[in-house]
Amino acid sequence: MARRRLLALGGGLALTGGLAACSSPLASGLTGSQPNTADVIFWNLFTGGDGANMVAMEDRFRKAHPDTSVEATVLGWGNPYYTKLALATASGTPPDVGVAHLSRLPLLAASGLLEPIEQTGLGELGVTADKFTPAAWRKATVDGTVYAVPLDTHPFVLYYNVDLARRAGLLDSGGSLVRLEGADDFIAAVKAMKTAGGAQYGAVMSITADPSTAWRCFSMIYSGLAGPVVTDSGTTIALDDEAVQETVAFLQRLTGGGLMPGNLNGSGANALFSTGKAGFLFDGEWQIPSYRQVKGLRFDVVPFPALLGPKPVAYADSHALVVPRNTARSDTRTRNAALFIKGLLDNSAVWAEGGHIPAWLPTQRGRAFLDLSPQRHYVQAAFDAQYDPEAWYTGAGSDFQNVVGGTITEALAGRITPKGAAPALRADLERFTTARPPVTMK
């Protein structure tokens, strides 16, 4: 890869940003060969609870395969990860296995940075399409070629306070949230939560300084009415103005009517839901471990119901395992990489403890996962998953999410009308659709 193209690619990856929600020295990786200090060199970016779960999965692999050593390196969050992965791969010094969000896969694949999965030997280990959540496997496929092995689906979901829901008459005979259908039904449920004893708001969501969450919420609702906001690999604006207006009007029924605050940061949303001052919480399932630690809070989690369209939509992303391209990698190292990936899949019930839905169906349907609550209650969201539109600038933590989500944040606060939202979003999208991509995407 020419130096100019490499730098452009690095800049493009940096522009698209780092990971949402979710280091070793790189000098040798940028100036020479990847040191073979272990049979499998693994890069990931998991800290906190996810980091502990990943370490447990690595240790289980080591115990099951004592003759195959693994060196795991945790790299920093944000822009540096994808840039470092691109630089190391382009210079012929990548790890054997890396982690990537599926929303970032199109650019990585188009840049020639990844080995097709069919060339890694994973198929011989039984890693085949029929054993994965269909939506995640489709997203792992670019132009007919599979470039990643999905580890999970992590959707935007609906939390609810069980005690408030009972007082609001929103639980069925089995103690679960009643079935909600359509915008009016949902609004009525939020109103019932607010009037339940002790509640200050019917629902809360992190909004202030949190454009990614605003984008997730908007995209989920909008996608029930219309297709992606950009098409043709991100070069064409396909925004449906009527769908935008209807979506923003629905959201303002919540924030404008006092059912949900229009200005609230993450700690505020956490405090209100944790103390029983809000009945519903709109957030990612990765927050479940935090709320489990709250004494006296009884909550459950379900997928969002269909709101403005006929079918439920779950905004989601997926962590995936990739094999960065390396023409110097030996067949033995490639086999070890495949064996390690299969080992992580087999132990992904541990990964699910952090809230994520396993993409590997043998785990998803296994007893270890089905015993987890509330995880088993929102599995359907993985099958209804809607990812970011395919473009070089979209994906987890991208500038796209920050810019477009910033406009949604303004709308939630009532500073943009439903009718004015579409022109504002169209102006945001023009910033990206008219920019020159770092690589050519089909």
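Modeller: Start with the largest pocket, which has a volume of about 400 Å³. It is lined by 17 residues, and the closest to its centre are Arg 179, Leu 180, Pro 303, Phe 304 and Pro 305. Sort that lining by class and you get twelve nonpolar, two polar and three charged residues. Keep in mind that this is a predicted model. How is such empty space found? Rolling a probe the size of a water molecule over the atoms shows where it is left.

Now the second largest pocket. Its volume is about 330 Å³. Here 19 residues form the lining, and Lys 139, Gln 386, Tyr 387, Asp 388 and Pro 389 are the closest to the centre. By class, this lining has ten nonpolar, five polar and four charged residues. Where does the lining come from? Four elements each supply at least two residues: α6 (134–139), α9, β9 (230–231) and β16 (385–386).

Follow α9 next. This helix holds both Trp 215 and Phe 218. The two residues are three apart, about one turn of the helix. A search of the whole structure finds 24 aromatic pairs. Trp 215 and Phe 218 form one of them, with 6.2 Å from centre to centre. The planes lie 35° apart, and the pair is tilted. Are these two residues buried or exposed? Trp 215 has 2% relative accessibility, so this residue counts as buried. Phe 218 has a relative accessible area of 1%, so Phe 218 is buried too. The cut-off for buried is under 20%.

The pair belongs to one aromatic cluster, along with Tyr 222, Trp 392, Tyr 393, Phe 400 and Phe 432. Phe 400 takes us to another helix, α18, where Phe 400 is among the buried residues.

α18 covers residues 399–412, which makes 14 residues. From its first C-alpha to its last, α18 reaches 20 Å, close to the 20 Å expected at 1.5 Å a residue. The helix is mostly covered, with ten of its 14 residues buried. Besides Phe 400, the buried residues include Gln 401, Val 403, Val 404 and Leu 412. What covers them? The cover includes α9 (211–222), the helix of Trp 215 and Phe 218. It also includes β8 (201–205), α10 (241–255), β13 (314–317) and α19 (418–433). After α18 comes Gly 414, whose phi is positive, near 85°.

Key:
Residues are numbered from 1 along each chain as its sequence is written. This is a predicted model: local features need pLDDT of at least 70, side-chain atom pairs count only at pLDDT 80 or more; totals for chains, interfaces and linings use all residues. Side-chain values use heavy atoms; hydrogens and water are left out. The expected span of a helix is 1.5 Å times one less than its number of residues. Buried means under 20% relative accessible area, exposed over 50%, partly exposed in between (1.4 Å probe, protein chains only). Contact means heavy atoms within 4.5 Å. Rings of Phe, Tyr and Trp (its six-membered ring) pair if their centres lie within 6.5 Å; planes under 30 degrees apart count as stacked, over 60 as edge-to-face and the rest as tilted. On a 1 Å grid over the protein atoms alone, a cavity is a set of points where a 1.4 Å probe fits but cannot get out, and a pocket is an open set with protein on both sides within 12 Å along at least five of seven lines; lining residues have an atom within 4 Å of a point. Grid points are joined across faces, edges and corners, and a volume is the space filled by probe spheres set on the points. Ala, Val, Leu, Ile, Met, Phe, Trp, Tyr, Cys and Pro count as nonpolar, Asp, Glu, Lys and Arg as charged, and the others, Gly among them, as polar.
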